[in-house]
Amino acid sequence: MVKTKAFQKIYTKLSQITKATCTLEASGIGYEEMALVDGRPAQVVKIFKNMVTLQIFPGTEGISTNAEVIFLGRPPVIKVSESLAGRFFSAYGDPIDGGPEIDGEEREIGGPSLNPVRRKQPSELIATGIAGIDLNNTLVTGQKIPFFADPDQPYNQVLAEVALRADADKIILGGMGLSNDDFLFFKDKFTNAGALDKIISFINTTENPPVERLLVPDMALTAAEFFAAEKNEKVLVLLTDMTLYADALAIVSNKMDQIPSKDSMPGSLYSDLAKVYEKAAQFPEGGSITIIAVTTLNEGDITHAIPDNTGYITEGQLFLRRDTDVGKVIVDPFRSLSRLKQLVIGKKTREDHPQVMNAGVRLFADAMNSRTKKENGFDLTEYDERCLAFALDYSREILAIDVNVSVDEMLDTGWKLFARHFKRHEVGIRDDLMNKYWKGE
Amino acid sequence: MTKGKVTSIIANLITVEVDGTVGQNEICYILHNQVRLMSEVIKIIGKTAYIQVFESTRGIKIGSDVEFTGQMLELTLGPGLLSRNYDGLQNDLDKLTGNFLKRGEYAYPLDEKKKYDFKPLVSEGDMLQAADWLGEVKENWIDHKIMVPFKYEGKGKVKSIAAEGSYTINETVAVLEDENGQTTEVTMVQKWPVKVAVTQYRNKPRPGILLQTGVRAIDTFNPMTEGGTGFIPGPFGAGKTVLQHAIAKNADADLIIVTACGERANEVVEIFTEFPELEDPRTGRKLQERTTIVCNTSNMPVAAREASVYVGMTLAEYYRAMGLKVLLLADSTSRWAQALREMSNRLEELPGPDAFPMDLSAIIANFYARAGYVVLNNGSSGSVTFIGTVSPAGGNLKEPVTESTRKVARCFYALAQKRADAKRYPAIEPIDSYSKYLEYPEFDRFAEDNICKGWVAMVQKSKDFVRRGAEAYDQINILGDDAVPIDYHVQYWKSEVIDFIILQQDAFDDIDQNSPIKRQRYMLEKVLFICDSEFDFQDFEEVSSFFKKAINLLKQMNYSRFESDEFVNYEKELDAFLTEKKI
Ligand SMILES: Nc1ncnc2c1ncn2[C@@H]1O[C@H](COP(=O)(O)OP(=O)(O)O)[C@@H](O)[C@H]1O
Ligand SMILES: [Mg+2]
C-alpha cells in the first residue's frame, strides 16, 4: 500500500483533531493529496493558508497531537495491470487475499470524465435470463442501473447471478459495508462458477471503518477504465451497497460542518453519486463499463434522498419485491425501468418485443386494479377474474427472479399467456403483429 | 492586469489574495503545473477574491499564481455556432483531443479558417445601431445576419462595407463611425457576457402564435407559443427527457438549442447519434443542421453547470436578433439550482428553504424573463421560446425550484408518476397542467385564423370531459361498478377516449411521434364527436368493451399515416362500429 519515500518531511504537531479529521501547519501541500497520520491513510480536504486539514480514513481514535504526519505528494492511486484479475483488495487497493502486491502502472483514482462526444451509444444487449429484466427492463452495455431493494431482499444473490450470466470480460466487485457473510458468498459463488480469473474485488466490510468505503467505487472504476478504455474489454462493475457509500459521504460532510440538505445528506450528494455512476460508458474502441449497483431502501421509501438522487442519475432501476400471491421474489414491473431498453428491444431482439412488453405490463396493471376492487369488497367482473388469473401466471412465469430462459422464449410465453386469458381486442397490440403472433382465437 | 495568489482551497472554492482591482463575475485563471484553470469571481472582501473553479482543484497548492482577465464570462458569437457541441463554457467538444477531458484544455468555439459568402445589406452612409443587420452569410440553410455588435453604443454611420465575397470570420466587413468621428471595425464575430440579457430590440409584445411541438398533449391541450415559457416538473423516470427530445425533434422552430445541464451523458449521446440521421420534419434536412448542443453533464465540473444555461440562453438571443424563431430547451434547471446551492453553502451564506440560496427565485425569474417574442428595430420579429425541466426532490412539487419556476413560467406540464407507472405517455397530468396562453386573446385569434373556428372552446370542452371522467371514476371506485348509474361508466370511458387518443402518444413510433396541428384538429373533432354522441348500453360491462374497441380503432388511426388508405379504412371501420350503437 501507501509506502513512504526516503527523506520525506515528517510533521509532528497537530493543532486540531475531530472525529474524522485533523489539522496541522504544513506547506507545499496539494489539494486532495494523500498522507499518513501515524501510518493511517488520510487525504487533504481543506487548505486554509498554512493550515492543512486531513480526513483520516480509519478515524482518529487514539491519534495524539504529536502523531507523525507524512505527505505522499500525490492523490490516491491504484496500480493497474492484467494481474489485477482474480484478486481481492482492500479499499486502498492492498491485496487482502495473501497474494503478492500488484506490479503495474500507477493511476490516480477518480480521474477525468470522458468527453461526451467521444462516447458511443450503448447498443449491446446484456442477457441475464431473468425475464423481469430481459423482457421488461432490458439491460445494455454501458448502462448504469441499481437494484432498489429492501434490506431483506436477496439482492446480492441476484447481483451475483446476473454478473455470472452476463457475458462480460471482467467483473469488478466494489463491496461497501458488505457483511462478511456476503463477502464469502460472493467469493464462493465466483469460485464455484470457475469465473474467478475474470473477477476483481475491492472490499470494505462492516468490520472496516466506514469512511474507507469512499475509496471503493473510484478504485473499482479506475481499474474498470483500464480494462475498458485501454484493453477494449466489456467490463461489468458491481457496487453494493451504494446506500452505505452515501452514508459515509454524510458522515464526512457532517464532520466538516457543512449544511446538510434533505435527509441529513450533503448538498452535493447528486454530484457525488453522478461522478461514480457516469463512469459507465461505451467507449469508441469497443470496450464498455456497465455498472449494476445496489441501493438498499428504508422501508421501501424511494423518496429518501439516496434512492431519489440515484434515480435521477442512473438509467433506470430494478425493483425487487416479494409477490405473496405466488410466494416468489419478482422484479416489480411498475417501478422498475431500464431507460436504455429502447436501444435494443425490437432491434437486437424480435420485432414484437416492445409491444409484448407493454401489453403484459398493462394487463398486469389491470389485474392490480381488479385486486384493489376485490380487497375493497366489490363484485368482480368476468374481465377482472381473467386479469387476476393472468397475473398469477405472469408473476410465476415472467416476473419471478428464478426464471432463466432466452428472450425469444420469454416473448413466446407472453403470447401464450395473452391467448390463455384474453380476447384479441383486449391485448391492444398493433394489428400486423397480432396477425403474425397471436395464438388465440 | 491584476494578479493574485491562492490562499485557501475547499473543493472548487478557492480564495485569492489580489494585487489590484477585481470585478464580480470576472474570469481568472489559476496556473497549475503548466495548465491554466478557468475560474470565476463570485465574491470579494477587501483584497480577497472568492473564486469558483470550473475544473477539478486536485493538486492545487497555496501560493499558486492567479491571473485575472478583466472580462466576465463571454460568448463568442458568429457564423458557425449551429450544429456544434459545446461544453458549458462554449468549448467545442469535438475539437478537444483524446477520449477524456483534460483539465485546462479549452477549444475555440468557431472556425477561424472557414470562409463565408458575405452579402452586404447596408450601404455607406447608412446610420446603424447595435444589433442592426449589416450583412448576411449562409450558415447551413439559415441566413445568418452579421450584426452591429450588441455592445456598440449610440448610432454609427457606415464608413465602409465589404463587397459581396468570401471572408473569414475575423476579417473586417464594415467600419462604423460615430458622431465623434470614432471608428469601429466590425467583423463577423462579437462577444457578449452570458449573464446579461440581449435587449437590443424595439419591444416585446405578448406572445400569441402557436409553436407547434407535434405533441398532442401540448399543442392541443396546453399550447406553447412562439416566445413563450414553460416548464416540465416530474419525478425521475416520468418522461421529462423523452418529452424534451420529442419536442426538439418536431418543434416548428428555425433552430433549437438543447442545454443538457447536469444530467446523463448518454442522453446527450442519443442526440449526437440520432440528430445527424433524423429529418427535420419542416425542411427535410437533417435535424442536426438546426441544432446546437450545450452540454455540461452531471460528471462535468459543477460550476460550469450554472454557466451552461446562460450560454444556451445567450446563443438563443443572438439568433433571435436575426429574426429567427428559436427554441431553447434545458434539462434540468434543478441541477443548475443545485450547483448554486453547493457554492452558496461553501461560501457559508445564510441558507434559504432546503438550503438553496435566498435569491433563487430572483435568479430563476431573471432567466425566464430573457425568453420572449420580440419586434426588432428593423420591424421584423424573432422569438426565444424556453422550456426547462425541473427535477423535484422526491417528486414533491412543494420545493423551492418548482415553486420559483411556477411563478414565472406560463405553461406548466406536470408529469405524474401515476401516469408514467401506467405507461400513459407522455405522462402530462391533464387536469393540473395548464397553459396560460389558452386564455390569451392573442392566441385565440391566432387559433381562429389558423387552426379552426371555435378551437379554444373545443379544447376547453375536451378538458371538461376529462374532468368529468375523473369525477365519475372516483364515484365508481367508491361505490362500485354496479352501484353507480351506467352514465358514470360512459362519462369515464369518454374521458378515456380523450386520454388514449389525444393525450397519450408513442414517442418511439415513427408515425405517432409527430402529429402536425392539422392532424391534431382532425382527431380532436373525431374524438369530440364520440364524446358528444349518445349510445345505447344494457350494462356497464358493455360500456367498457364498446369503448375499448373504439379506442383500439382510433389508436390504429394514430399509428397510420394521416389520410393514407390504412387510416381511411380504420376510420370507416370505426364509423360503422359507432353507428351500430349510436342513438
Ligand atoms: N412518450 C414516451 N413513450 C414511451 N416511453 C416513454 C415516454 N416517455 C418516457 N418513456 C419511458 O420512460 C423512461 C424515462 O423517461 P425520461 O424522459 O428519461 O424520464 P426523466 O427524464 O423524467 O427522468 C424512458 O426511458 C422510457 O422508457
Ligand atoms: Mg431526464
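Predicted model: local features only at pLDDT ≥ 70, side-chain atom pairs only at ≥ 80, totals over all residues.

Q: Why is the pair of B:Tyr310 and B:Phe367 called edge-to-face?
A: Rings of Phe, Tyr and Trp (its six-membered ring) pair if their centres lie within 6.5 Å; planes under 30 degrees apart count as stacked, over 60 as edge-to-face and the rest as tilted. The structure holds 45 aromatic pairs over all chains. In the pair of B:Tyr310 and B:Phe367 the centres are 5.5 Å apart and the planes stand at 90 degrees, so the pair is edge-to-face.

Q: Which parts of chain B does the pair of B:Tyr310 and B:Phe367 link?
A: Helices (H or I, at least four residues) and strands (E, at least two) are DSSP runs, numbered from the N terminus. B:Tyr310 belongs to helix 4 (residues 303-320) of chain B and B:Phe367 to helix 6 (residues 360-369) of chain B, and the two are 57 residues apart.

Q: What makes B:Tyr310 and B:Phe367 count as buried?
A: Buried means under 20% relative accessible area, exposed over 50% and partly exposed in between (1.4 Å probe, protein chains only). B:Tyr310 has 8% relative accessibility and is therefore buried. B:Phe367, at 1%, is buried as well.

Q: Why is the pair of B:Tyr522 and B:Phe567 called tilted?
A: The centres are 6.0 Å apart and the planes of B:Tyr522 and B:Phe567 lie at 50 degrees, so the pair is tilted. B:Tyr522 lies in helix 12 (residues 517-532) of chain B and B:Phe567 in helix 14 (residues 565-581) of chain B, so the pair ties together parts 45 residues apart in sequence.

Q: Are B:Tyr522 and B:Phe567 buried, partly exposed or exposed?
A: B:Tyr522 has a relative accessible area of 30% and is therefore partly exposed. B:Phe567 has 1% and is therefore buried.

Q: How do you know that the charged end of B:Arg335 sits over the ring of A:Tyr312?
A: A charge sits over a ring if NZ of Lys or CZ of Arg is within 6 Å of the ring centre and within 35 degrees of the ring normal. The charged end of B:Arg335 is 4.7 Å from the centre of the A:Tyr312 ring and sits over it. Likewise, B:Arg341 lies over the face of B:Phe356, 4.4 Å from the ring centre.

Q: Why is A:Gln317 called buried, and what does its side chain reach?
A: A:Gln317 has 5% relative accessibility and therefore counts as buried. A:Gln317 is part of strand 19 (residues 316-323) of chain A. Its side chain reaches the backbone oxygen of A:Arg335 at 3.0 Å. A polar contact is a pair of N or O atoms within 3.5 Å; within protein, one must be able to donate a hydrogen and the other to accept it, and residues adjacent in sequence count only if both atoms are side-chain atoms.

Q: Where does ligand 1 lie, and which polar atoms are in contact with its oxygen atoms?
A: Ligand 1 lies between chains A and B. A polar side-chain atom of A:Arg339 is 2.5 Å from an oxygen atom of ligand 1, a polar backbone atom of B:Gly239 is 3.0 Å from an oxygen atom of the ligand, and a polar side-chain atom of B:Tyr425 is 3.3 Å from one.

Q: What makes helix 6 of chain A mostly covered?
A: Eight of the nine residues of helix 6 (residues 269-277) of chain A are buried. Among them are A:Leu269, A:Asp272 and A:Tyr277.

Methods. Residues numbered from 1 in each chain as written. Chains lettered and ligands numbered in written order. Heavy atoms only, no water. Near = heavy atom within 4 Å.
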